[in-house]
Amino acid sequence: MSTEKTSNSDYAIIVAGGKGTRMGAGIPKQFLCVGGVPVLMLTLNRFHACDASLHLIVVLPHEQQNYWHRLCAEYGFKTAHTVVDGGPTRFHSSLNGLKAIPDSADGIVAIHDGVRPFVSKETIGRCFAMAREEGAAIPVTPVTETLREVSSTGESHNVLRSDYRLVQTPQCFRINLARTAFSQPYNEHFTDDASVVEAAGYKVAMVEGNRENIKLTTPFDLKVAEAINI
């Protein structure tokens, strides 16, 4: 699938609700710096660089928003975006982002983790292109480690890693499809945005992701990020 430009009715919701407990830092992980720049700014700039006409929505806990605005002023961050309140779960945060999209919009919406600052332009383009064609698309990468399935009794057995994929973001959907899917009641089995869409009866297509598109969760991830950013 070749990449394509987004349209002026396309949106990207950047969900950044983490508190950074596993990172062990004094500030939420989306505000930590990689290469001297806050991670959330790096993430937003990836999407802006892909297409400057893309409408960006940042979902942040209300209590973090003043700090974010101060960071933007301190770093002279000028990439246009709208900030909306986060919710108690990923589902509710994504829903709040969707509610910020005008009713008249009929393009594609990407929902992306704020702490994945190394998503490539090619991955973004593939996701938008496939979602435009199929309705829903997610980026995936192959599993390179050996996998074992563990039963409730603690017994385990080897499984074919070729049967599995690692799922990344952005997860892209036709806007109207996403609105319909997120009109469902919350279910604790929703593990990502694609699982919400699947629960509503829609199929989700897969496209090639990029291995650098890691999610920053632990101090080790931050060291890897600094290496990637060189």
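Me: Where do I start, and how many helices and strands does the chain have?
Reply: Start with the overall make-up. The model is predicted, and the chain has seven helices and 12 strands. Along the principal axes, the C-alpha atoms fill a box of roughly 55 × 40 × 35 Å.

Me: What does the radius of gyration say about the chain?
Reply: Set the value beside the one for a compact globule. For 230 residues that would be near 17 Å, and the chain has 18 Å, so the two agree. Buried residues account for 48% of the 230 residues. Contacts can be read by separation along the sequence: of those between residues at least 6 apart, 74% join residues at least 24 apart.

Me: Is strand 6 enclosed or open, and why?
Reply: Count its buried residues, where buried means under 20% relative accessible area. In strand 6, residues 108-113, six of the six residues are buried, so the strand is largely enclosed by the rest of the structure.

Me: Which way do the side chains of a strand point?
Reply: In a regular strand they alternate between the two faces of the sheet. In strand 6, Ile108, Ala110 and His112 point one way, while Val109, Ile111 and Asp113 point the other way. Residues of both sets are buried.

Me: Which strands are joined to strand 6 by bridges?
Reply: Look at the direction of each pair and at who stands opposite whom. Strand 1 (residues 11-15) runs parallel to strand 6, with five bridges between them. In this pair Tyr11 is opposite Val109. Strand 11 runs antiparallel to strand 6, and four bridges join them. Here Ala110 has Cys172 as its bridge partner.

Me: How do I read the hairpin of strand 8 and strand 9?
Reply: Take the pairing, then the turn. Strand 8 (residues 147-150) and strand 9 (residues 156-159) pair in the antiparallel sense over four bridges. Glu149 of strand 8 faces His157 in strand 9. Five residues lie between the strands, and Gly154 in this hairpin has a positive phi near 95 degrees.

Me: Which peptide bond is cis?
Reply: Check the omega angle. The bond from Thr169 to Pro170 is cis, and its omega is near 15 degrees. Pro170 belongs to the loop between strand 10 and strand 11 (171-174).

Me: Is Phe190 buried or exposed?
Reply: Its relative accessibility is 15%, so Phe190 counts as buried. The residue is in the loop between helix 5 (175-181) and helix 6 (193-199).

Me: What is Phe190 in contact with?
Reply: Set aside the neighbours within four places in sequence. Phe190 is then in contact with Phe91, Gln184, Pro185, Ser195, Val196 and Ala199.

Me: How much space lies in the second largest pocket, and which residues are closest to its centre?
Reply: The second largest pocket holds about 480 Å³ of space. It is lined by 19 residues, and those closest to its centre are Thr141, Leu166, Gln168, Arg211 and Ile214.

Me: Which elements supply the lining of that pocket, and which classes of residue does the lining have?
Reply: Strand 7 (136-142), strand 10 (165-167) and helix 7 (219-228) each supply at least two lining residues. By class, the lining of the second largest pocket has eight nonpolar, five polar and six charged residues.

Terms used. Residues are numbered from 1 along each chain as its sequence is written. This is a predicted model: local features need pLDDT of at least 70, side-chain atom pairs count only at pLDDT 80 or more; totals for chains, interfaces and linings use all residues. Side-chain values use heavy atoms; hydrogens and water are left out. Two strands pair if DSSP finds at least two bridges between them. Buried means under 20% relative accessible area, exposed over 50%, partly exposed in between (1.4 Å probe, protein chains only). Contact means heavy atoms within 4.5 Å. On a 1 Å grid over the protein atoms alone, a cavity is a set of points where a 1.4 Å probe fits but cannot get out, and a pocket is an open set with protein on both sides within 12 Å along at least five of seven lines; lining residues have an atom within 4 Å of a point. Grid points are joined across faces, edges and corners, and a volume is the space filled by probe spheres set on the points. Ala, Val, Leu, Ile, Met, Phe, Trp, Tyr, Cys and Pro count as nonpolar, Asp, Glu, Lys and Arg as charged, and the others, Gly among them, as polar. The radius of gyration is taken over C-alpha atoms; the globule rule is 2.2 Å times the number of residues to the power 0.38.
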